[in-house]
Amino acid sequence: MTATDTQVAAAIEAARAWAADDPDTQTMAELEAVIEAVGAGDSTATDDLLDRMSGLLQFGTAGLRGALGGGPNRMNRSVVIRAAAGITAYLKKTVPEPFVVIGFDARFNSDVFARDTAAVVLGAGGRASVLPRPLPTPVLAYAIRHLGADAGIMVTASHNPPQDNGYKVYLGDGSQIVSPSDVDIAAEISRIERTLDVPLADDGWETLDDDVLESYLTHVIDVVSPESPRDLVVVHTALHGVGSETVARAFVAAGYAAPLQVPSQAEPDPLFPTVPFPNPEEPGAMDAALELAEQTGPDVVIANDPDADRCAVAVPGPGGWRMLRGDEVGVLLGAHLLDAGVPSDAVFANSIVSSRMLATVCRSLGIAHEETLTGFKWISRVPGLRYGYEEALGYCVDPEQVRDKDGVSAALVVAEIAASLKASGGSITERLDELAVKHGVHATDGFSVRVEDLTLIGQIMARLRAQPLSTVAGVEVSRVDDLAAGDGGLPPTEGLRYFLADDSRVIVRPSGTEPKLKVYLEVIEAVSDDDLAGARSRAAQRLAGMKSDFEAATAL
């Protein structure tokens, strides 16, 4: 839709006011240049300005995340200062002098945003501690309870592309914020009329030393048994993020050899020059690590995303190296922890979009299992949690220390599994086969519908509700849960969940962090007469049919 002259004029006026209130001369100049280009009749600049001025970057349960740049709909110092002021005002309603611990990764301006946050907290009469250098998100999540903070803030955009940054918020229990905290914080942010009116302290916050990291490393090695085998060769990539040092130190402290690092990706680099997207799930992201594996012949390949809260695994096979799906790693870790022994009142959990296989394994052992909404802000809050995961490579193996996904501790448990299987003459692939034979093939797949216009996602969801599917791949739809209405007993969230007569399942939901609609597919196929290959073949055929039908149903 083409903007009217009135809309463009209003955007220019709002942009000039925002630029005049910007404490950062760089983003101020950037926005002024866009305004000038609009005045010169540049249509691309006009579209850019309208997007920048389309509203304040939305604060939600994921905190903030967006492209760096000038304007309210971008990540910049002005937006961060307002967010920090809103968070501090929210905390002060219950804690007169709130204590906030702040971490940051190695993305562009992460250190600047961390310092601004500390300055805001102090300016409002609170106390702030900042981690000493770019460190993994799980170290910040650990530090909150370790230091007794009232809240924690991590400046990171996780696995987003290099032009993005973000702002993740935790409360004093060490878990990410959930509703209604996000709504209350957003309300406080909306009350701030001018950034330049927010008091900023010149100094006075504490820059922490390495004691927090050392304490984290002391505890993280407890996730593996001191008696388990240690003979293992690992290739590791941090994907240009902040995980290399912490992972290497954790492995050595736990008694393993330091992983072989992918040289081109070991050091933090906010440009992420060797990968199109710094996400182990994206095509091409693991190419350098798998190439090094072909050259060196390790037992396993482990990858972290840039802030090291996710963990990806690749294993050798007859056809070369194979990336494990997040659900495969999820059940592998869960089954290992169950085999090691857990209290009878332990609870295992995963998100609703993850495979149901972990629930099946737990049920066979009489251990409680829960499904939660997507995101560790929900998984970490499950009472009695011993282990939780989500299919997007997030694993919480030690919730007593880190109530969030932790790619470092997960990597250690993967190493323990691989080393133990190696010592007994087995492999991770064979272990996954054993689980499938015993509990059935739980085959998963999915796809995304990327959009530039977010309203298209709403249109697709509306169409799915108005024209409900009665069959999928020739199988009757036996039940549809409208997750927005709270069907299925979970808190309301946008999405639809389909159960088919053959126990297949499909979930359609908007991504919480990217402009796309995500579709998750799962089929369960029993293994008869140890014919695992046949069961997997049948499952693959069923998945393909379901995927085809939902690709048509969600087409733009």
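Predicted model: local features only at pLDDT ≥ 70, side-chain atom pairs only at ≥ 80, totals over all residues.
Me: How should I read the packing of two helices, and at what angle do helix H12 and helix H15 pack?

Reply: In general, two packed helices are described by the angle between their axes and the distance between the axes. In this structure, helix H12 (residues 357-365) packs against helix H15 (residues 428-439) at about 70°, the axes lying 11 Å apart; because angles of 65 to 115 degrees count as roughly perpendicular, H12 and H15 are described as roughly perpendicular to each other.

Me: Which residues in H12 and H15 meet?

Reply: From H12 come Met357, Thr360, Val361 and Ser364, which meet Leu435, Ala436 and His439 in H15; the residues of this contact comprise four nonpolar, three polar and no charged.

Me: How do the axes of helix H4 and helix H5 cross?

Reply: The axes of H4 (residues 77-92) and H5 (residues 110-123) cross at roughly 40° and come within 9 Å, and H4 and H5 are therefore oblique to each other. Their crossing is right-handed, with a contact that includes Val80, Ile81 and Ala84 of H4 and Phe113, Asp116 and Val120 of H5; the residues of the contact of H4 with H5 divide into eight nonpolar, two polar and two charged.

Me: Is Asp164 buried or exposed?

Reply: A residue counts as buried under 20% relative accessible area, so Asp164, at 11%, is buried. Asp164 belongs to strand S5 (residues 164-171), and its side chain makes a polar contact with the side chain of Asn160 at 2.9 Å.

Technical notes: Residues numbered from 1 in each chain as written. Heavy atoms only, no water. Helix = DSSP H or I, 4+ residues; strand = E, 2+ residues; numbered from the N terminus. Buried < 20%, exposed > 50% of the residue type's maximum accessible area, 1.4 Å probe, protein only. Polar contact = N/O pair within 3.5 Å; in protein donor to acceptor, adjacent residues only side chain to side chain. Axes fitted to C-alpha atoms, helices over the stretch in contact; angles between N-to-C directions. Parallel < 35°, antiparallel > 145°, perpendicular 65-115°, else oblique. Contact = heavy atoms within 4.5 Å. Nonpolar A, V, L, I, M, F, W, Y, C, P; charged D, E, K, R; others polar. Left-handed = near helix turned anticlockwise from the far one by under 90°.
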